[in-house]
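Open the structure in your viewer and keep the selection tool ready. We will go from stop to stop, picking a few residues each time.

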Amino acid sequence: MVSHVRTVAFQGVEAVPVDVQVMVAPGKVGMQIVGLPDKAVAESRERVQAALHASGLSMPAKRVTVNLAPADLPKEGSHYDLPIALGLMAALGAIPGDSLAGFVVLGELSLDGTIAPVAGALPAAIGANADGRGLICPHGCGSEAAWAGADIDIIAPRSLIAVANHFRGTQVLSRPEAAIRELARNLPDLADIKGQESARRALEVAAAGGHNLLMVGPPGSGKSMLAQRLPSILPPLGAPELLEVSMIASIAGTLADGKLSDRRPFRAPHHSASMAAMVGGGLRVKPGEVSLAHCGVLFLDEFPEFTPQVLDSLRQPLESGECMIARANHRVTYPARFQLVAAMNPCRCGMAGEPGHRCARGARCQADYQARISGPLMDRIDLRIEVPAVSATDLIRPGPSEGSAAVAERVARARHIQCERAVELGQAAAVTNASLSNTMVEKLAAPDAGGASLLADASEKFGFSARAYHRILKVARTLADLDGTDTVGRVHLAEAISYRMAGEKLARQAA
Ligand SMILES: Nc1ncnc2c1ncn2[C@@H]1O[C@H](COP(=O)(O)OP(=O)(O)OP(=O)(O)O)[C@@H](O)[C@H]1O
Ligand SMILES: [Mg+2]
């Protein structure tokens, strides 16, 4: 007799249905798993046998064959243990044969028969719900899976015995509740920063429009400090974004206790990060930092210290908002719509451009250091600012410094305007100015006469690329939104161009 249990394989953030077929037949005693299992799946044979034994069920003295269909789809991970074990229990008559028909099953087994949490419960639940099925998942993943919908049937047992009792009706398990993580609200606050008025303004603009930002300045001027305060002024995630972000976190296995958080991701990988860590990949393909920063911020401190290959691998996701990883046997795509914030020193010794300083290696010091960042990557950064050393007056007698709460309020208002505009045009509400398409920018950020003439003059004089032209318009749109005005005026364009030119000036100094 063959019993069937539905489970899933993950491709990107999508859950692809997999049929687990278990057959118990006379023949040589033993258990075989076929259907392209990787090592973790093949080892599940030992875990399943031990867990069944611990649960008081002995393996039959027969031949057990497990087939994972479709046979040509690679199966990775340890979540096949539970479907295999339940299939076997159904084949042996330990649970009613038809009880598993309406469910998708995933979970890892311990040798003592308890069910351990696995990655990917949320995408599996969403897939199951779309299919009109329920979900059987580990107890630790129940509250995460409950986010898939109010009416999806979820069973989150702690052990194999609990599943058996549930289906026999002796101890029915209740549906887990969807849970949200309570986060400490005491994030680092902008009020700690003395001086640096223009850098604070640029940070606010970046947060309001989702623009990429590069800060250049000498050591100790507060660049890392500013970036760490960005999460405190970003608005919380909206409902659709929350699910998108959590699906990636679920696949990556970083959702602790299965609770979701509405805080935007802030990822700050060290500069020794490899390409696989940054864009995703590895033997068992996992989302990289760019995908874990989806809908949030990717902060790269000491920007030029990253390897050039890693930096250039950011170009495609920055442009397309997703990251495609191709391997010999399969291809996966992860969403990666993130905001890049980078910080760097102007040169190797860190002090180029400071009054009275001369680099020991002369002009080469600055040129060599900045050349580590390719032109095309630089072109994708809308806001480039200089963060000079804090002046003694600012340090000793600082003026009043605005706190994060007030800035966050202005940012939220500007984002709300962008949302309303997107909804009016029938687009997803999560669209920020930075992620507008070029045609949309030309329509939504058309400057008034004064602004247009300023932009035309500047384009002619500085020879902006087409991308630079559109990016300047996007920043100007954000500045107008922060002002609460409909039209993009000359002042907005002047400020937007100045952010662009700060970078050009640095490049000229370095040349
Ligand atoms: N504007 C500022 N207001 C208050 N404290 C500051 C400011 N700038 C720097 N500091 C102090 O200096 C320390 C170093 O700042 P931070 O790490 O942000 O510098 P950095 O610009 O990132 O330097 P590096 O280029 O070496 O990474 C901070 O921990 C803080 O104590
Ligand atoms: Mg720093």
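This is a predicted model: local features need pLDDT of at least 70, side-chain atom pairs count only at pLDDT 80 or more; totals for chains, interfaces and linings use all residues.

**Stop 1: the ligand**

Select ligand 1 and the residues around it. There are 15 of them, and K194, G220, K223, S224 and N345 come nearest. Now look at single atoms. A polar side-chain atom of S224 sits 2.7 Å from an oxygen atom of ligand 1. M225 uses its backbone instead: a backbone N or O atom lies 2.9 Å from an oxygen atom of the ligand. At S221, a backbone N or O atom is 3.2 Å from a nitrogen atom of ligand 1. How much of ligand 1 does the protein bury? Taken alone, the ligand exposes 630 Å², and the protein buries 67% of that.

**Stop 2: a helix and its cover**

Select helix α4, residues 121-130. Color A121, L122, P123, A124, A125 and A128, which are buried. What covers them? Show β1 (2-11), β2 (14-25) and α9 (239-252), which are among the covering elements. Then step past the helix to G132, where phi is positive, near 75 degrees.

**Stop 3: a strand with two faces**

Select strand β15, residues 322-326, and show the side chains. In a regular strand, side chains alternate between the two faces of the sheet. Here C323 and I325 point to one face and are buried.

**Stop 4: two cysteines**

A search of the whole structure finds 0 disulfides. Is C347 buried or exposed? C347 counts as buried, because its relative accessibility is 0%. C349, at 37%, counts as partly exposed.

**Stop 5: an aspartate in a loop**

Select D382, in the loop between α15 (375-379) and β18 (383-386). D382 has 2% relative accessibility, so it counts as buried. Show the side chain of H211: the side chain of D382 makes a polar contact with it, at 3.0 Å. Leaving aside neighbours within four places in sequence, D382 is also in contact with N212, R471, V475, Y499 and R500.

Note on methods: Residues are numbered from 1 along each chain as its sequence is written. Chains are lettered from A and ligands numbered from 1 in the order in which they are written. Side-chain values use heavy atoms; hydrogens and water are left out. Buried means under 20% relative accessible area, exposed over 50%, partly exposed in between (1.4 Å probe, protein chains only). Helices (H or I, at least four residues) and strands (E, at least two) are DSSP runs, numbered from the N terminus. A disulfide is a pair of cysteine sulfur atoms within 2.5 Å. A polar contact is a pair of N or O atoms within 3.5 Å; within protein, one must be able to donate a hydrogen and the other to accept it, and residues adjacent in sequence count only if both atoms are side-chain atoms. Contact means heavy atoms within 4.5 Å. A residue is near a molecule or strand if one of its heavy atoms lies within 4 Å of it. Accessible areas come from the Shrake-Rupley method with a 1.4 Å probe; for residues, only the protein chains shown count as cover.
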